[in-house]
Amino acid sequence: MTTKAFAPSAAVPRKSSPLARLTDPRVYCSLAALSLILIVPRIIDSPFVMHVFVTICVFGALSTAWNIVGGYAGQLSLGHTVFYGIGGYTTALLIQHFGLSPWIGMWAGAALSVLVGIGIGYPCFRLRGPFFSLATIAFLEVVRLLAIHFHGLTGGAAGLIVPLNLGWEWMIFREKFNYLYIAFGLLLLTLLVSWAIRNSRLGFYLTAVREREDAALAAGVNNTGVKLRAVIVSAALTSLVGSFHAMYMTFLEPATMFSLATAIEIAMFSLIGGLGTVVGPLLGTVLVVPIAELARGWLGASANGLHGFVYGTVLVIITLTLPAGLVGTFGPRVGQWIDRLPGGGRRQDAHAAPASRPISGEPGQPILEAKGLVMKFGGLTATDNVSITLRRGEILGIIGPNGAGKTTVFNQISGFLKPTSGTVAVIGPDGAMTNPASADEFSRLGIGRTFQIVQPFGKLTVLENIMVGVFMRHPKVDDARAAALRVARLVGLEDIKDVEARNLPIGGLKRLEVARTLATEPSILLLDEVMAGQSQSDTQRMVNLIRTIRDTGVTVIAIEHNMQAIMSLSDRIIVIDSGKVIAEGNPQDVVKNRRVIEAYLGEDFVDAQGI
Amino acid sequence: MDVLVQLLINGIMLGSMYAIISVGLTLIFGIVRVVNFAHGEFLMVGMYAVYLLGAYWGLNPYVSAVPVIILLFALGSLVQRFIIQPLLGADEHIQIFATVGLSTALVNLALLVFGADLYSLTVPSARQAVSVGDYTMLTGQIFMLACAVILVAGLHFFMQTTALGRAIRATAQNRNAALLMGVRVDRIYVITFGLGAACVGLASALLMPLYPVTPTIGTYFVLTAFVVVVLGGMRSIYGAFVGAMIIGIVDSLSGYYIAPDLKEVVYFAIFILILIFKPTGLFGFGRGTE
Amino acid sequence: MKVVMKAAVAAGLALGASQAFAQETVKVGALYPFSGGLALLGDESFRGLELAIEERNAAGGLNGKKIELVKGDAVDPNQAVGEARRLTSVEKVPVIFGTYSSSLSLAASQVAELAGIPYFELGAISDPITERGFKYVCRTNPTSKDFANRMVDSIIEAVAPGLNADPKSLKIGIIHEDSLYGQTVSGFQQARAKEKSLNVVETLPYSAKSVDLTPVILRLKSAGADVVLQTSYQNDTVLFFRQMKDQGFKPKAVIGAGGGYSTRDTAQAVGTENIEGALNVDFPQYRTNPQAAPGIDEFVKKYQAKYGTAPRSGHSLTNYMGANVFLDAMAAAKDLKGDAIKEAVMKVDIPVGRTATGWGVKFNENCQNTRVSPFLMQWQGGELVTVFPAEAAVAKMKTGIGTN
């Protein structure tokens, strides 16, 4: 239902020239709405209206910048005014001490904010949900208190006063409209950046990381890396807006520049408008800022606290009535209306899929060597000295009873678990063996894996799920879409490509796992029980699919409980029990192996049968 | 040395105050999983209630504790039932903002009703200085410490032995499993939230003799309470108690040995370090990175 | 959605703007923090202005025109900018009165300056407000430097003689809350103490929201401070006095810088017996010799009649006095344009002891009133009485803190 709102497909990229885009109603409606920000204050020529619109631009820009981290990456920062304050203070201090124009100073502030953003983000990104939020609040409070304490540098609580040098050079004007131009420019900049990220590989990656960290890793996404990129962009933009706003207020104090209340407000605008959407933050701002300003004007005089009370109550009501945000609630409908306008509802042009990554190399050469893998969880030894050599072009089946340690082996040879001892070497592009360090590195070397417990990106459509995988080899969105379509066709998901993944039945999800993994164009494919939950005919289809994949040169390792399927499929079988390799060989020999039968059926059975 | 002992005593007294406030938040944040930014405002509401009961009916704050605890239980339950519960299906971030809105509304409501003036109750019995050797503490503080210990022990007992307590713990550990076992999870949440607020009701009765109430009094406590809860490992009531003591002592010592205006920097820094290096809390009970 | 919203907003604003014209009155802006943490004294300050305006209206208004007050509420600088914009443009006021809070004043006065509208500061004490070379920002009340100097000088002129001690032998502790108010005043205190070669043993900032000041008190106690200079709001003043008693710390004198030391609530919360003897440097309060401050008693009566309580602090009186000065100037100006009003303001010349606060008025080139100084007061028997300067004094200064 909310597909359009959350998914990147909200703005379907169209392969057409920028000029031709203008005739798309989604584009011209947005531009028309945005231009109102400049037109309305021109018509109502009043400095107060101007102030309200400057405030809308400033908070709209702050909120849009916040959304890159808070919405796209799902990291609910409640300390974003750190960057706003750093921007403002750096700019003001550079004016004060070096007479540097704010136009230059704001970039210095942005650079500093980026560094601080990395410093906060890097250690804190593994914190989830509210813990990340609380950590960012703590950082904000620390920065604010330090800014007060070191008053020699910052002016402390007494504040910094920006000298009133008028003119464009100093960003301070008697003609208030100039402020609006700059504020509007900043808003436009943040919106453009936000839109570009949303419709790029980074945007997909951020959504993927937000939804499922493991699946993103398996798709070759460097989780911390993409989040850091989001923070860098967001911090820089926030800082630029902070620099401008400080010039606008001409007065800086720690309580305002590093305000927790403002930080929460920024996040709230995004939430009210629609988290993780391009226009949501601005819409939220446009809704709430005038309410706040007008409530103060109309109610502030009648009783102290009344407008604050009304404001707070309205916020509670908005969250209760519009929990999906304005865009989530009204977006699809408004989108349809807009598409009905002249020039709307265009289908995207067909785009030729890019060539797949060629797989070269000698069939039969070792391409993955796991040696002496030992994995201990506390006192439990999950794998005990497991060694596997994988040869190019084969299909290797791994079987064993439940809890034998098969998936643990998988996790080690795909980099998701670091073995307690032992090594995993993978053939590199140059033909030499290397030892990758992280899961995403394994993935980029060509090891694709599925998860036994499916890991779909629930809020993305099937096609977009697959695209996340494709991006590793084809960074362009158009290419990725076309390549994803090719994979969807291959795996049999084409007819449901626009369904949100969370609505798929288990069989579909299993196929989606395979599809997303295939999309990374692996040279080694690790399949973890992909036949489970499939119907008889689907199983047969999957077997055929795996054979087809192998025929393209891909080497396959499959964990499977469906004996019939695995036996018919595999060139070689490894049997694992209690963490140890107990048998290895071609399927026919393995099924006759006494230890294997013991492991599956128990010694008593073996004895009774007299095998 | 003398100063150090006095500082430690003050730290423990301060810690017992944080403990009573934070235990309530442990229930709300740790079990119901709501980041309740209105927690401090619950305290403010409670303190105004204690004040009114004292000023108009002459009730001793310690006697007012009973009706105020009931009032806060009702307030907490209503908030959970009518504000948080409808949002359970929505993005988890939404709840945070609902409580922020609630907090803003409550602060301003107090401003509207009471104005920005300070209100305080004179309770001589709570402000007697008790001296042991060269060291002093107040009767009210000692009472607070005693109540903190009793509250923590009592809640622990309640959680371990009663059917309701077990249901709450089960819900905290695995919501879905509890649901399957026939626990009415929604009702458990309403009760737990109510209990958390009721703890704040007790705190307000204990604080009123010591501190004057203003509309913004809650804002100071709420962040400290979150620090304490995370330090203590989220759901552990004992953990919250120990965390509160640590923060109380850190507060007291750093105010003296470092600088009074940097004591928050010190405990926020500790908070950040704990989150980064030991996200399960000091005692490994919780799961900060889950 | 967005379009509809904006249209509605714009229409609302336009409506508000058009209503502003139709009346035959003079509107004046009143920009104060009416909500948020500063609301109490913001409101108290406003009452002084409100009384001055009512009095003027009862006497026929400003040159025959009724004066109408338009309130602007701001809790942070961005809101102050917004409200100043609203007052100057939507309401089209010719002047703005304010502000109590220095940071709000700094932000709002900048808007007024660029709009060419006079901004009359009646209560904020941050020095830079009138040191930025602005043309239309004028202030009647003393600055934080005046406060700090008076506090330090009081040690030399009043406390030391009262204790029969050499001022240089007294150990001084400076403590202050760490917002703009405390940090500015304490900064000037340190400078003045250095200038007078006094012995400052501790300078301790703390957060006004703090719930525990014992570390501060123990530091002062360890350092053996004889005189404590505190710059504080209400909450921390109450806390300081209570915990000072709990910890058995008895300095020879405590001097406050207005703020929390001046309100009746503080005295009640602390207990009058505990605050007895505390000195306070502030705007004139109500127990001031009426001979030196003509009109002060009438003001108290009017205040009592209108609001049903005694004034909560001297802020209302100071705002009342300042408002009268500027209203007189406005009446004398040839029109209500910024330049005419400024010209009239610069002509004001009132000798000391002729206003309700006991101050005189003469503006310097920065439009800062030079004939002002805060008074030294003391809590005696539950009342804040003026003890210095001698002509305004109603009681003699005592030594010691607390009655027991």
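1. A residue counts as buried here if 20 or more other C-beta atoms lie within 10 Å of its own. The model under review is predicted, and the points below should be read with that in mind.

2. Helix 18 of chain A, residues 406–413, is largely enclosed by the rest of the structure, because seven of its eight residues are buried. The buried residues are Lys406(A), Thr408(A), Val409(A), Phe410(A), Asn411(A), Gln412(A) and Ile413(A). Just after this helix, Gly415(A) adopts a positive phi of about 85 degrees.

3. Chain B contains eleven helices and two strands. Read from the N terminus, its elements follow the order α-α-α-α-β-β-α-α-α-α-α-α-α. Of the 290 residues in chain B, 62% are buried.

4. The overall dimensions of chain B were also examined. Its radius of gyration is 19 Å, which agrees with the value near 19 Å that a compact globule of 290 residues would have. Along the principal axes, the C-alpha atoms of chain B fill a box of roughly 60 × 45 × 35 Å. Among contacts in chain B with a separation of 6 or more, 75% are between residues 24 or more positions apart.

5. The contact between chains C and B draws 26 residues from chain C and 27 residues from chain B. On the side of chain C that touches chain B, the elements giving two or more residues are helix 2 (39–58), strand 7 (199–206), helix 7 (214–223), helix 8 (234–246) and helix 9 (264–270) of chain C. Helix 7 of chain C gives the most to that side, with six residues. By class, this side of chain C comprises eleven nonpolar, nine polar and six charged residues.

6. The surroundings of Asp178(C) involve three chains. Apart from neighbours within four places in sequence, Asp178(C) is in contact with Ile148(A) and Ala157(A), with Asp261(B), and with Gln183(C), Pro205(C), Tyr206(C) and Ser207(C).

Notes: Residues are numbered from 1 along each chain as its sequence is written. Chains are lettered from A and ligands numbered from 1 in the order in which they are written. This is a predicted model: local features need pLDDT of at least 70, side-chain atom pairs count only at pLDDT 80 or more; totals for chains, interfaces and linings use all residues. Two residues are in contact if their C-beta atoms, placed from the backbone, lie within 7 Å. Helices (H or I, at least four residues) and strands (E, at least two) are DSSP runs, numbered from the N terminus. Ala, Val, Leu, Ile, Met, Phe, Trp, Tyr, Cys and Pro count as nonpolar, Asp, Glu, Lys and Arg as charged, and the others, Gly among them, as polar. The radius of gyration is taken over C-alpha atoms; the globule rule is 2.2 Å times the number of residues to the power 0.38. A residue is buried if 20 or more other C-beta atoms lie within 10 Å of its own, exposed if 12 or fewer, and partly exposed in between; C-beta atoms are placed from the backbone.
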